[in-house]
Amino acid sequence: MKFVIQRVSESSVTVDGTCIGKIGKGFLVLIGISENDTQEIADKMIKKLIGLRIFKDENDKVNLSLADVNGELLLVSQFTLYADCKKGNRPSFVNAGNPELANQLYEYIIESCRRQIPVVETGSFGADMKVSLLNDGPFTIILDSKEL
């Protein structure tokens with residue numbers, strides 16, 4: 001499982017011209033799920049995501065978590081995080097989880113985050129989405145379950 005976490009001042013996702021998710025200060029999280037991922041792996045990733053202290057405190061040091069700043073989450077599925085570009089110029093996505101498994105785990109991640117963070121918005125699994133963000137920093141973290 002891979003999370004690309006971007007600290008944002010604001011972010012939104014639009015499908016077919018309609019905004020379906022919008023947040024203020026918080027994290028935009030692009031979520032990639034592989035065939036080998038499980039709820040146990042998701043739990044570890046969520047714990048790390050929620051606990052990340054990458055917001056500035058009163059001393060201008062990155063020391064505060066989402067909860068400390070009343071931050072919000074925008075969770076967007078993105079199978080292209082598992083693109084394999086080793087051969088040729090056209091990426092292969094054979095390492096991405098099958099859509100049924102990936103959607104189940106994506107929904108599990110959403111529900112788990114909603115139990116801990118008051119505002120959790122989402123994209124639409126499998127849809128052609130337009131994602132906007134104002135990256136604060138910029139500050140981007142890549143979490144890979146293989147490294148946890």
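Student: What makes Met-1, Asn-36 and Ser-145 count as residues that Ile-41 touches?

Tutor: Contact means heavy atoms within 4.5 Å, and Ile-41 touches Met-1, Asn-36 and Ser-145 when residues up to four places away in sequence are not counted. This is a predicted model, in which local features need pLDDT of at least 70 and side-chain atom pairs count only at pLDDT 80 or more, while totals for chains, interfaces and linings use all residues. Residues are numbered from 1 along each chain as its sequence is written, and side-chain values use heavy atoms, with hydrogens and water left out.

Student: Why is Ile-41 called partly exposed, and why does Ser-145 count as buried?

Tutor: Buried means under 20% relative accessible area, exposed over 50%, and partly exposed in between (1.4 Å probe, protein chains only). Ile-41 has a relative accessible area of 23%, so it is partly exposed, whereas Ser-145, at 17%, is buried.

Student: What makes the pair formed by Met-1 and Ser-145 a polar contact?

Tutor: A polar contact is a pair of N or O atoms within 3.5 Å, where within protein one must be able to donate a hydrogen and the other to accept it, and residues adjacent in sequence count only if both atoms are side-chain atoms. The backbone nitrogen of Met-1 lies 2.8 Å from a polar side-chain atom of Ser-145.

Student: How do you know that the span of helix H2 agrees with its number of residues?

Tutor: The expected span is 1.5 Å times one less than the number of residues; the 16 residues of H2 (residues 99–114) should therefore span 22 Å, and its end C-alpha atoms are 22 Å apart, which agrees. Helices (H or I, at least four residues) are DSSP runs, numbered from the N terminus.

Technical notes: Helix = DSSP H or I, 4+ residues; strand = E, 2+ residues; numbered from the N terminus.
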